[in-house]
Amino acid sequence: MILKVGQTLASTVDATAVIVVRAPKSEVALTCGGVDMIVGKSTGASGDIDPAHRGGSLLGKRYVDDVAELEVLCTKAGDGTLALDGRHLEVKAAKPLPSSD
Amino acid sequence: MNLTMLLDMAVDGFGDRVVIGRKDGGISASRLLEMSVAGAAAIRDAGADSLVYLAVNGPSFPVAMFAAARAGVPLVPVNYRLGTEQLDALLANHPHALGIADPEQVGALEKAGLSVLTPDNWLTLVSEPVPAVTMAEFLEADWSEDEAPAVVIYTSGTTSAPKGVLLRHENLTSYVFGSVEFAGAEAYEAALVSVPPYHIAAVANVITSLYAGRRTMVLERFTPAEWLETARREEITNALVVPTMLSRIVEDSSDKSLPNLRGLAYGGAPMPASVIEKALQMWPEVGFVNAYGLTETSSTVAVLGPEDHRSALESDDPAVRARLGSVGQVVPGIELEIRDAFDEPVGPGVAGSICVRGDQVSAEYAGIGRAVDDRGFFNTRDKGYVDSDGYLYIGGRVDDTIIRGAENIAPAEIEEVLLRHPSVIDAAVVGVPDEEWGQRIEAAVVLRPGSALEVDDLRAYVRETLRGSKTPEKIVYWDELPRTETGKLVRRHVLARLLPDASAVL
């Protein structure tokens with residue numbers, strides 16, 4: 001799938017949902033719980049989470065794959081692990097700007 | 001994409017936390033969600049295509065913002081100090097709006113044919129319980145195809161008639177995601193907002209505070225004494241002001257202790273160096289943030305952070321000290337170019353027009369479209385330059401430049417020198433038509449109460465720093481300068497009052 005910034009994706013095997021903050025230029029496979037995520041809203045979770053992808057995704061955290069230059073933000077927490085082309089995404093360390101509003 | 005995603009996340013993350021108003025009795029994130037659904041239903045039942053907000057800031061404002069978002073219609077916060085003619089013209093753009101207006105403004109909206117509620121009525125209405133089926137309907141809405149803007153803000157128009165800036169859901173959410181850490185605020189944190197709701201900073205504050213999990217309180221009518229008292233009483237940790245407010249606060253004679261304050265953000269107009277230096281010394285525990293941004297850029301595009309402020313104050317290096325007068329470095333997601341009169345990018349140290357590009361940049365005007373070039377850059381019409389470390393300096397508006405004897409002069413550079421004089425607390429410099437020079441420089445100055453400073457002495461003071469050609473020919477002393485509600489100087493009013501022919505009307 002070619003991902004686009006601003007796109008929302010949902011896991012098919014758990015409650016996780018994300019929004020794309022930085023998108024790789026090439027086709028990639030973004031999975032959660034080991035299964036391809038779908039574009040848009042969740043249609044309900046069904047099927048099994050791959051045991052190798054059951055680390056969980058945390059609400060509000062950013063997940064990155066530096067190789068592919070992907071960054072997603074988790075908008076709904078879930079039990080599955082986010083991965084790109086099989087590589088688990090890493091949590092990005094928070095470096096917040098000082099509040100300016 | 002919709003702003004409601006931010007509220008949904010807030011509810012998931014900290015639904016019970018009070019996010020609006022007082023700690024006791026304020027509105028929690030979950031309650032805000034319920035009220036936004038009730039509000040969305042009311043908007044839909046009224047058949048409204050937008051929600052006009054013509055009232056002072058208060059709890060009804062964030063409720064209105066999220067109700068409009070959930071109804072898929074734009075929120076239109078309107079300046080309540082507009083003259084009748086300008087207000088009528090603006091309302092004519094939104095004939096099918098539902099209106100929320102302070103009692104004294106209700107008549108104007110009714111005249112425009114809108115249904116109107118006062119803020120109190122609105123809050124009562126949206127506090128009614130929502131049927132489960134309505135809740136489900138609004139919460140499950142699919143926003144992927146939605147086209148309506150989230151917020152329409154009319155620009156302050158100090159030089160021309162107001163234009164409606166269309167802030168899209170993508171612009172606002174990308175700004176929030178790019179600059180705020182979700183739930184990054186501790187439960188005890190509280191923000192005090194004293195900017196009016198039709199200012200981009202107030203709109204941005206609602207969504208950044210909510211996403212961070214920081215409770216916000218509004219001070220409706222600003223006076224320095226009330227601001228200080230409220231900040232102490234409510235144990236405010238973060239505050240947002242415009243420069244003229246900070247100037248008045250530091251000059252105020254009441255108790256200025258702020259034991260809980262940790263962050264103070266300012267923006268909207270240039271900050272006089274003397275004011276920020278005084279504030280830095282007065283409150284050594286506070287982190288100051290200068291935020292530069294425009295309505296068109298969904299607020300902040302560059303930030304001068306707390307460490308930058310402190311190290312500039314303490315530095316012996318003039319280049320570092322100078323940074324106190326900068327607006328800092330661009331935020332992630334923003335690209336900046338300084339361009340010359342031929343639209344070519346220039347390097348560090350060279351002044352030109354500030355141009356920006358990024359997902360948070362809307363630059364879209366109602367009825368006009370996006371004012372971006374073919375590379376997606378928006379020209380802010382602010383003049384400035386970047387130093388070799390990437391610190392951005394603003395020099396004033398491109399169109400305020402004075403041209404005297406073929407020399408370009410920025411009023412800001414003369415004002416900055418005037419403001420350094422300990423007896424001067426405000427200054428405006430304009431170019432007045434002159435037969436010999438094209439324009440000559442004149443200034444209107446506000447002296448510190450009790451000061452006795454001869455005009456010639458002040459002119460000499462300026463001449464010491466700037467060349468003779470940049471010294472005002474004439475300086476007049478006024479009690480105050482004409483500024484908008486958000487503190488921006490209205491130069492053409494200064495000019496009009498300075499002209500010998502007083503019938504040169506504003």
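Visitor: Which residues of α8(B) meet which residues of α9(B)?

Guide: Leu172(B), Tyr175(B) and Val176(B) in α8(B) meet Ala204(B), Ile207(B), Thr208(B) and Tyr211(B) in α9(B); residues are in contact if their C-beta atoms, placed from the backbone, lie within 7 Å. By class, this contact of α8(B) with α9(B) has 6 nonpolar, 1 polar and no charged residues. Ala, Val, Leu, Ile, Met, Phe, Trp, Tyr, Cys and Pro count as nonpolar, Asp, Glu, Lys and Arg as charged, and the others, Gly among them, as polar. The model is predicted: local features need pLDDT of at least 70, side-chain atom pairs count only at pLDDT 80 or more, and totals for chains, interfaces and linings use all residues. Residues are numbered from 1 along each chain as its sequence is written, and chains are lettered from A and ligands numbered from 1 in the order in which they are written.

Visitor: Why is α8(B) called oblique to α9(B)?

Guide: Helix α8 (residues 169-179) of chain B and helix α9 (residues 200-212) of chain B pack at an angle of about 45°, with their axes 10 Å apart. That angle makes α8(B) oblique to α9(B), because angles under 35 degrees count as roughly parallel, over 145 as roughly antiparallel, 65 to 115 as roughly perpendicular and the rest as oblique.

Visitor: What makes β4 and β9 of chain A edge strands?

Guide: In chain A, 4 strands form an open sheet in the order β4-β3-β8-β9, with antiparallel pairing. Strands β4 (35-36) and β9 (87-88) of chain A each pair on one side only, and are therefore its edges; two strands pair if DSSP finds at least two bridges between them.

Notes: Axes are lines fitted to C-alpha atoms, for helices over the stretch in contact, and angles run from 0 to 180 degrees between N-to-C directions. Helices (H or I, at least four residues) and strands (E, at least two) are DSSP runs, numbered from the N terminus. Two residues are in contact if their C-beta atoms, placed from the backbone, lie within 7 Å.
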